[in-house]
Amino acid sequence: MSRLEAAQERRAEAGVPGSGPPQASDVLLEVRNLRTYFHVMDGTVRAVDGVDFKINRGGTLGLVGESGCGKSVTAHAIMRLIETPPGEIAEGEIWFDGRDLLTLSDEEMREIRGGDIAMIFQEPMTSLNPVFTVGDQISEAVRLHQKVSAREARDRAIESLRLVGLSAPERRVRQYPHELSGGMRQRVLIAMALSCSPKLLIADEPTTALDVTIQAQILELINDVQAQTGTALLLITHDLAVVAETVQTLAVMYAGRIVETGSVEEVLLNPRMPYTQGLLNSIPGEKKRGKALSAIEGVVPSPFRMPPGCKFQPRCPHQWERCTMEPDLLEVGRSERRARCWLQAPGEIERRRTYDLAAAATVRDVIG
Amino acid sequence: MIKYIIRRALQAIPVLLGISLVTYFILLIAPGGPTGRFAQNPNITAAQIEAFKRRWGLDQPIPIQYCRWLGVCGDKPFLINALPGGTFELAGLKIDLPGGDNGILHGDFGYSITDGRPVVDVIAERLPPTLILSGTAWVIWIIIAFLAGMYAAVRCYSLFDSALTIFNYVGFSLPTFWLGIVLIQLFSAPPLKWFPVGGMWTTRTVPPFGTERYWDFFWAQPFTALYDLGTHLVLPVVTLVVVNIAFDSRFVRASMLDALGQDFVKTARAKGVPERRVVFKHALRNAMLPVVTNIGLEIPFLFTGAVVTETIFSWPGMGREFINAVGHFDYPVLMGILLITSVFVVFANLLADVVYVIVDPRVKFD
Amino acid sequence: MDTTRATDLAGPESAGPAPDYEVGLVSLNQWQIAWRRFRRHKLAMFGAFLFLGIVAAAIALPFIWPFDFYTIPTPKPNCRIGCPPNPDNIFGTTGGLQRDVFTLVVNGARVSLAIGLGAALFGAIIGSIVGGVAGYFGGWVDNLLMRIVDALLSLPLLFVILVIARFLGSGNWLLIMVVFAAFGWPGVARLVRSLFLTLRNEVFVEAARAVGVSSTRIIFRHILPNAVSPIIVASTLAVAGVIVGEAFVSFLGFGVDVTTPTWATPSRTR
């Protein structure tokens, strides 16, 4: 963590504006300039390379992008669950409830994990410990964060199992994970996450490993409990259809950076960045029946040979000379609506018009 | 559960039969065979040898000989002979059992060729010293291997981990006969002379182990006896421990690393479980599963693994007895030791399996 | 971490003349990938060189320092219990006949390596076949073969080898090798069986079965290549195990005849 500490010190000395807790009191989580690197045999992978976003109390944010774009690493960094080595949080601030998580001691962080911030993972089949009963695992979470007796913890476990809609929770608590199906296990994991009434729930691809029919049930469940308990939600997924139904705001990630943010409706109906358009275009839609599905050309760049400038440039149908320079997250119209694309720069009216037409056609095809 | 144990026990029967076949094979390849000792004797005629063969059923076909040796065939009808036989006195009552009384099923392993004693007596005399030596070493190295392997897994790629890896490579390549002799040279020879060169007791002050006089001495001066035994144990135990830590600590490290890399460990961390508890509760419990089996498979060592160590340190155990018997072609003793140790091993594996189903809830019984 | 997964695929070699920002477009076969990984692993390379060096020495050096059992060195007065290393004998000499330890080691390498490699190889072959058949077919075949394996594994290996070496042996090293192979395969068989039990339910096996590939071909062409690495690891360890095992047996006096030097000879020549 030495590099992080050095960065924190430098910032403090320079008195960089923006340091310090967020001003607005309704902001629950604010991530600023987060950089997470992995030092592997062939060099350094900048998995997360300057990510900023915030989530309000009770708010919901979807983080979408292809595999390997750094969304899971972002979530793990917030929980400070990055394996060090080879990983390292090199720079950044994660303000949660008035505290910078990256400056907390391990013990303070441990109390936050599972207490104020809970997380559910992608693989329900392997995320539960096979040798302990479901009840033991949930009550363990409860007893770690609240001073309750074993019996009370057990009751809380039953209560949260009931909350996530498992039948006969009194019997479930005595079962082992291998006795449950994948969907049931994901419900158990959600129950475990909710058992301490967290302020923020991070769901890392919660439905990817599940059957399609179960996916819808689990999403509905996450929606319901989010609305019921008022916990904030950070939903990580590669599936735009999932976020469309679940969150209010959206951040699209590509190659370790956020490339577009805004409310779900705006991003999906009016994508301001060719990558988002490409993602939308790859969704099968009613209007596209009978046509071949279009995927984004090419593949994600190798982490060791990032192209200069815009990281999406080698795959981008609209790229031109300017794209060899790295664009900032440019504000688009109103605040909180940003895109990391030169098309949105002032003066690029002609190119923007060409792109807008293509994007509008895509949206029409997909959403109709 | 009970059904599972019974099924496993039934599976052990063919295994035991297989073991007895291999053991019997040794009798067949023994140079000279049972009549070998008459070959050099000019006073014994060919007719006498023939009579001897007939008397002991050696003229019968080999399967029948094997069956008789097992104790299934014999004077009584087939299978009845396998039941317990002989006359016993129980609480003043004389009980006549219908079965046979010779063959290995009835604990009759024959007589040693070298000194004519019953094989069972020889083994009974040699087993305790072996168990004392190997058992002590085993317990110590399991504990060390566990601690070292777990620490290396938690602090993976640390200095300690590298040091353990190097130590393991060295230990894995060290033959016990080399290490044992070096230890004797260092610590038993002048100038240090800290430990005795070999043996199990100091001949001048302590009566031979296992005799009645030894136990009298033991109860009279328990501390002196234990101290004497202890000083004789140190070097052979160190030899065995150093050589055997290597494999187990690597195994523990590997299964611990595997467990620590599982998703449920991440879940445990994400719900705020302290790191200590992640290691000792969530990961260890899972890492134990393969280790239990492995420890079960090591049990044969308790009887046999110390052959060379026993030889070097003149430890009066099964291993040394076995080497003597091999040297003298004393096949009844060899067969007895092979059979009894193998049977122990079969039961030890059975035990390990039962422990396994107790610790792993995923194992289904049917 | 999904970000580190690309590491092995995109090495520096795959960079063509034009800048290529894409992952793993150059496809390598299994052996090329293994070789590339191996080359990068310093310890593995070191081990390989060491091993090849020992093999080369075992082949070449006996021509320079030949060993003849019947040539007894001229005794030196104060070396009755063996000499420490000195300019004449860089590894020292043994006690008794005062043979040069270096010559014994150089000449013993051939037989020790042959026994170790041969027994491990035959053990691996028999074990893979038996384990593969048991794991693939299951049922009574599995039951029968595994009971045999259980029986052989329950017998104290070293004891059995000692007895057979003594009863049948005339100090012939080939016999020792065969005995080690004959009693070394059950361990491999058990390992291969457990690998097959997992692999036979994999989708690619089902796919092969669905298009009508024969059982033999599935076992040897589809499953075995995926089980190879644990088998190689176990067999490599077995080489060392057998060499040390032979040394034990010979040290106890029941192994290879004293006229044929092995790595155990310095420990028993007095």
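How far apart are the mean positions of the positive and negative charges of chain B? In this predicted model, the mean positions of the 28 positive and 25 negative charges lie 9 Å apart. Lys and Arg count as positive here and Asp and Glu as negative, with His and the chain ends left out; each charge is placed at NZ of Lys, CZ of Arg, CG of Asp or CD of Glu.

A quick word on bookkeeping. Residues are numbered from 1 along each chain as its sequence is written, and chains are lettered from A and ligands numbered from 1 in the order in which they are written. Local features need pLDDT of at least 70 and side-chain atom pairs count only at pLDDT 80 or more, while totals for chains, interfaces and linings use all residues; side-chain values use heavy atoms, leaving out hydrogens and water.

Back to chain B. Its C-alpha atoms fill a box of roughly 85 × 65 × 45 Å along the principal axes. The chain has 13 helices and two strands (DSSP runs, numbered from the N terminus: H or I over at least four residues for helices, E over at least two for strands). Of its 366 residues, 46% are buried, meaning under 20% relative accessible area with a 1.4 Å probe, protein chains only. Chain B exposes about 18,800 Å², with 67% of that supplied by carbon and sulfur atoms (Shrake-Rupley method, 1.4 Å probe). Among contacts (heavy atoms within 4.5 Å) between residues at least 6 apart in sequence, 67% join residues at least 24 apart.

Chain B touches chain A through 19 of its own residues, which meet 27 residues of chain A. The area buried between the two is about 2,100 Å², 61% of it from carbon and sulfur atoms; buried area is the accessible area (1.4 Å probe) that two parts lose on being put together, summed over both. On the chain B side, Ala270(B), Lys271(B) and Pro361(B) lose the most area to chain A, together 28% of what that side buries. Four salt bridges turn up across this interface (a side-chain nitrogen of Lys or Arg within 4 Å of a carboxyl oxygen of Asp or Glu). Lys281(B) and Glu140(A) form a salt bridge at 3.4 Å, N to O.

The contact between chains C and B looks like this: 39 residues of chain B and 27 of chain C take part. About 2,800 Å² is buried there, 84% of it from carbon and sulfur atoms, and zero salt bridges are found.

Over in chain A, helix α2 (residues 71-78) is largely enclosed by the rest of the structure, because eight of its eight residues are buried. Among them are Val73(A), His76(A) and Ile78(A). The helix α2(A) is followed by Arg80(A), whose phi is positive, near 50°.

Methods. Buried means under 20% relative accessible area, exposed over 50%, partly exposed in between (1.4 Å probe, protein chains only).
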